Number of protein chains: 2
Amino acid sequence: MTSAGEVRVLLVDDHPVVRAGLRAMLAGFEGIAIAAEASDGRAALKELDRLSALGEPPDVVLMDLQMGEGMDGVTATAEIRKLSAPPPVLILTTYDTDADILAAVEAGASGYMLKDAPPEQLRQAVLQAAAGGTVLAPRAAALLMDRVSNPGTSLTPREVQLLELLATGLSNRAIAKQLFVSEATVKTHLVHIYGKLGVDNRTAAIAAATQRRIIRPPGANG
Amino acid sequence: MTSAGEVRVLLVDDHPVVRAGLRAMLAGFEGIAIAAEASDGRAALKELDRLSALGEPPDVVLMDLQMGEGMDGVTATAEIRKLSAPPPVLILTTYDTDADILAAVEAGASGYMLKDAPPEQLRQAVLQAAAGGTVLAPRAAALLMDRVSNPGTSLTPREVQLLELLATGLSNRAIAKQLFVSEATVKTHLVHIYGKLGVDNRTAAIAAATQRRIIRPPGANG
DNA sequence: CGGCGGATCAATCAAATGGTTGACTCTGGA
DNA sequence: TCCAGAGTCAACCATTTGATTGATCCGCCG
């Protein structure tokens, strides 16, 4: 909290509607104020710069992960963390998939909340993050716990690479050619992948991997 | 417009933040008022019932398609259209995939707008829909135009539906069960789909369909 | 050093998928 | 009315994929 007892928030979301909602919601809370808004990561960095120059840096950045255009939330978070005396970044997003959460945490976010959280919970999260605390949505917390307890379940880089080719619609033979290995090798990898993802065919593997954001859906932007 | 010169809107969205945003945004417009809010399709129908009983039905329903729990937007739209003297339903959603657009139009929506639309555009859309007009996002309009001009090239609603199940990783047999048809029928559809998309296997079909935004990548929910 | 896990390959068999042809019904439009 | 297109189903066969087992090579770590 600042000396004035007000937590100043920088909103980053590409949807005008969502920004309006957060603005209305947060402004209605005691002790929280909107410092500025941005519609993508690049703009957020600019705003941060501007506010710092004015000697009024925000106490917390409320950041969406999915951004239609411009710099995405993960990149923006990482960039912000590179600054000197960076403000805590609280992720507020729609999805709670493994890779989203992992990517956010790795980028240096201090919290991960979902947009469907009730207002009061959101308020608490903002205050906690601003105070230097960590705040995680239940799923996010569970995922991180699971990661440290049994790390053997995650895919190897090679397997991820295979999944990416798989998702483009290539056959085993085509994948084998691309990777300069035999078709047998591709099959072996696939079996391992199926086991780790808990599926039993390639389309399900793509679906699962996409869902967990292990891979990016073809033609995805943001 | 009503005799009072006010367009009364029923908001349907499962996210408190989005509802707050729409509320703030619409309430700020001249001639638009919020009649009621609902967090899912079922609740929307109830609200509609209640308002009608009061003799104050809304002039337009602003509906999200993706709803985390409860009745989804497409079903709700279809249900609303079954009522006597149903209000126009304006879809306001995050995605502009063929599948979403087609489903909404088939359900009887009078408009399809995206959440990232600028406020002024949203205002216009609400007024137009309330006045009995049709309002479409650019991509939605283009899709429908394409539909009528060359119906042979584009996928049929049934084929799109199949693609969606395909993308979730289901086998032909599983898809057949879901759709209450035989496996042979599924195969026939798939062959047609492959032909139209210019591919020769299911994973490539998923990739192509995702890329062309015919379907939403698996795992993209509310 | 010894072992473990990742990556590679082979062979085999069962199952699923893909390709083809032909046919029936129904609906909407020329 | 007649036809085109959508949706449905069947039978058949070639190809691909999945499952299993077992093996070699290599780099890293205790």
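Predicted model: local features only at pLDDT ≥ 70, side-chain atom pairs only at ≥ 80, totals over all residues.
A phosphate oxygen of DNA strand D is 2.5 Å from an N or O atom in the side chain of B:Arg158.

The side chain of B:Thr188 has an N or O atom 2.9 Å from a base nitrogen of DNA strand D. From chain A, the side chain of A:Lys187 places an N or O atom 3.2 Å from a base oxygen of DNA strand D. As for the atoms of DNA strand D within 4 Å of the protein, 71% belong to sugar or phosphate, and the rest belong to bases. By class, the residues of the surface near DNA strand D comprise five nonpolar, eight polar and five charged.

DNA strand C is surrounded by 18 residues, and the closest are A:Thr156, A:Arg158, A:Ser182, A:Thr185 and A:His189. Two of these residues can be described in detail. A polar backbone atom of A:Ser182 is 2.5 Å from a phosphate oxygen of DNA strand C. For A:His189, an N or O atom of the side chain is 2.6 Å from a phosphate oxygen of DNA strand C.

Chain B takes part here as well: a polar side-chain atom of B:Tyr194 lies 3.0 Å from a phosphate oxygen of DNA strand C. Which elements each supply at least two residues of the surface near DNA strand C? They are α9 of chain A, together with α8 (172-179) and α9 of chain B. That surface has five nonpolar, eight polar and five charged residues. Sugar or phosphate accounts for 68% of the atoms of DNA strand C within 4 Å of the protein, and bases account for the rest.

Finally, I would draw your attention to helix α7 of chain B, which covers residues 157-167. Its buried residues are B:Glu159, B:Val160, B:Leu162, B:Leu163, B:Leu165, B:Leu166 and B:Ala167. After α7(B) comes B:Gly169, which has a positive phi, near 95°.

Note on methods. Residues numbered from 1 in each chain as written. Chains lettered and ligands numbered in written order. Heavy atoms only, no water. Near = heavy atom within 4 Å. Polar contact = N/O pair within 3.5 Å; in protein donor to acceptor, adjacent residues only side chain to side chain. Nonpolar A, V, L, I, M, F, W, Y, C, P; charged D, E, K, R; others polar. Helix = DSSP H or I, 4+ residues; strand = E, 2+ residues; numbered from the N terminus. Buried < 20%, exposed > 50% of the residue type's maximum accessible area, 1.4 Å probe, protein only.
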